[in-house]
Amino acid sequence: MPNGSVDQAVLNKAFYNWPYFGDFKYSGFALLNKITDDDTVIDIGCGCNPFKGKIKNLIGLDPANDAADVKVAIQDYETDQKFSVAFCLGSLTHCVAEEFEERLAKVVSLMLPKSKIFFRVHPMVGNGMSTLPAQFTDLPLYRWSPEVMRRHAAKYGYTVIDMQDEFHPEAGVKRTYIEWAR
Ligand SMILES: C[S@@+](CC[C@H](N)C(=O)[O-])C[C@H]1O[C@@H](n2cnc3c(N)ncnc32)[C@H](O)[C@@H]1O
């Protein structure tokens, strides 16, 4: 196990039945404009599964939310199905670097050659923790950067086609939206 690795059971407790955090400008329901009925979509860390009923071919996966279609962590998910779109909205970065890379590799293994991956990540202000609720203070957080995300994308043949900060006025939080395509 990597040094400082996250205990998924503790993380699941922190995220148990996490409510819909809010409709972010780019990584909220605006994503529906980027999906067609031909897409097969996997929402990884779907929380309360907000896209259910709004996207035709959708699987919402989450280890800590009863609203998920499949209640499992991405690293433990087994399927032969391949997807044209993955959402990783606030769900992949609650871990150390080695775990992030493993989880990312697992996500990519589920994708069709022509596919898109959409991310929402916390901003790297200070240690990143200042933007998260108190129950996450003692949990790890992946220290991403735009350059590193571009390198990860290129490793798997993807290009970062969009990366923008988004501010959620009601929740008062800033996040970053990232879109990969290949
Ligand atoms: C910040 S919430 C975001 C929920 C939802 N995507 C949204 O936008 O409202 C992060 C979610 O990731 C889930 N999660 C945590 N670790 C995960 C893992 N290893 N695999 C898949 N999902 C995970 C949590 O249970 C939680 O529901």
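1. F167 is found in strand 5 (residues 159-168); strands (E, at least two residues) and helices (H or I, at least four) are DSSP runs numbered from the N terminus. The model is predicted: local features need pLDDT of at least 70 and side-chain atom pairs count only at pLDDT 80 or more, while totals for chains, interfaces and linings use all residues. Residues are numbered from 1 along each chain as its sequence is written.

2. F167 is exposed, because 11 other C-beta atoms lie within 10 Å (exposed means 12 or fewer, buried 20 or more, partly exposed in between, with C-beta atoms placed from the backbone). In strand 6, K174 stands opposite F167.

3. Strand 5 and strand 6 pair in the antiparallel sense over nine bridges; pairing requires at least two DSSP bridges between the strands. The open sheet has six strands in the order 2-1-3-4-6-5, with mixed pairing. Strand 2 and strand 5 are at the edges with a single partner strand each, so one side of each lacks a neighbour in the sheet.

4. The ligand is surrounded by 21 residues, the closest being F15, G45, G47, G90 and S91; here a residue counts if its C-beta atom, placed from the backbone, lies within 6 Å.
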